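Hello,

Here is the structure I promised to pass on. Please open it, then read my notes below.

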Amino acid sequence: MASEIKRRFTDTEMQIAKETDLPELLTHLGYQVRRIGRYHTTAEMDSLRIKDRRKWFRYSQNTGGDAIIFLQQFCGKSFSEAVEYLLAFHGRARDSPVKAAPFVKRDEVQKPFTLPPRNTDDRRVFAYLRKRGIAPQVIRQFLNSGLLYEDAEHHNCVFVGKNSAGQAKYAGLRGTYDLDGPGFKGDAPGSDKNTGFSLPHDPRSDLVLVFEAPIDLMSYLTLHRDTTNAVALCGLYDGALQTYLQAHPEIRRIALCLDADEPGQKAAQQLQEKYQLQGYAVTVEKPRCGKDWNEYLQRKICSRERGR
């Protein structure tokens, strides 16, 4: 029976599910994820250890595995339900009632959303984003508009997502220290994934550009200063795009500027088909080189400097 269930999914789908980034998934589920040295843990399960962002082990129960097993163990899902959920989490939902919208863990109340405390200055955030190649003018634009700041406790970048009324409903966190590998990434507890990170809306344009991450959006803006409307999904779940389109019915064109890797381009194809059926003119734009817009920006900067 187990083998029959697994055959419902392609090898690619199984790989996508198994390779889910666990700190991002657990943050999405409402856990308070913390990085300690080379591993991650959570405030709710202090014996949990996440290594290499893909595997977990809970010492108090002597059990562990990948994202599929985590959803089975702690969210009460069957194998197929877990895989379906993870595919939806990555923007690849099948024709299934499972959605990638955040859900509340059993026997636990959803934590109210609050922005992390603001640091007295934004020096580390500014320096980190400059190191990533983001133009000073672009960084200041987001700082001045209240969409970006440095948190006081961990000095993370805080990317603030606001609804159409200007209320903060989402906060994406990005560590400013990444010398030992990929830096910390997560969402503030209670964040609404249906509210993305976006530029202030310009009703004079009927076009919106869609990115996976805030830093990709800022990278594109560094390359194309005349960009008007843009939203970062903060992942591949398109709830933020749906919300944006509902709030701004004048938008008729969508440019999907997702990552150039296989997951990003598969999601772009699926989203293109989905929104074309809704009557939008949808194009796909990807960086000429590199896996995402920030890598492309950094390569372009290096190439420019070598040519001097």
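Strand 8 gives the largest share of the lining of the largest pocket: four residues. Strands (E, at least two residues) and helices (H or I, at least four) are DSSP runs, numbered from the N terminus. This is a predicted model: local features need pLDDT of at least 70, side-chain atom pairs count only at pLDDT 80 or more, and totals for chains, interfaces and linings use all residues. Residues are numbered from 1 along each chain as its sequence is written, and side-chain values use heavy atoms, without hydrogens and water.

A pocket is an open set of points on a 1 Å grid over the protein atoms alone, where a 1.4 Å probe fits, with protein on both sides within 12 Å along at least five of seven lines; lining residues have an atom within 4 Å of a point. The volume is the space filled by probe spheres set on the points, which are joined across faces, edges and corners.

The largest pocket has a volume of about 1,500 Å³. Its lining has 45 residues, and D21, E24, K185, E212 and D259 lie nearest its centre. The lining divides into 14 nonpolar, 11 polar and 20 charged residues. Asp, Glu, Lys and Arg count as charged; Ala, Val, Leu, Ile, Met, Phe, Trp, Tyr, Cys and Pro as nonpolar; the others, Gly among them, as polar.

The second largest pocket holds about 810 Å³. It is lined by 30 residues. Strand 1 (residues 33-36) gives the most, with four residues.

Best wishes
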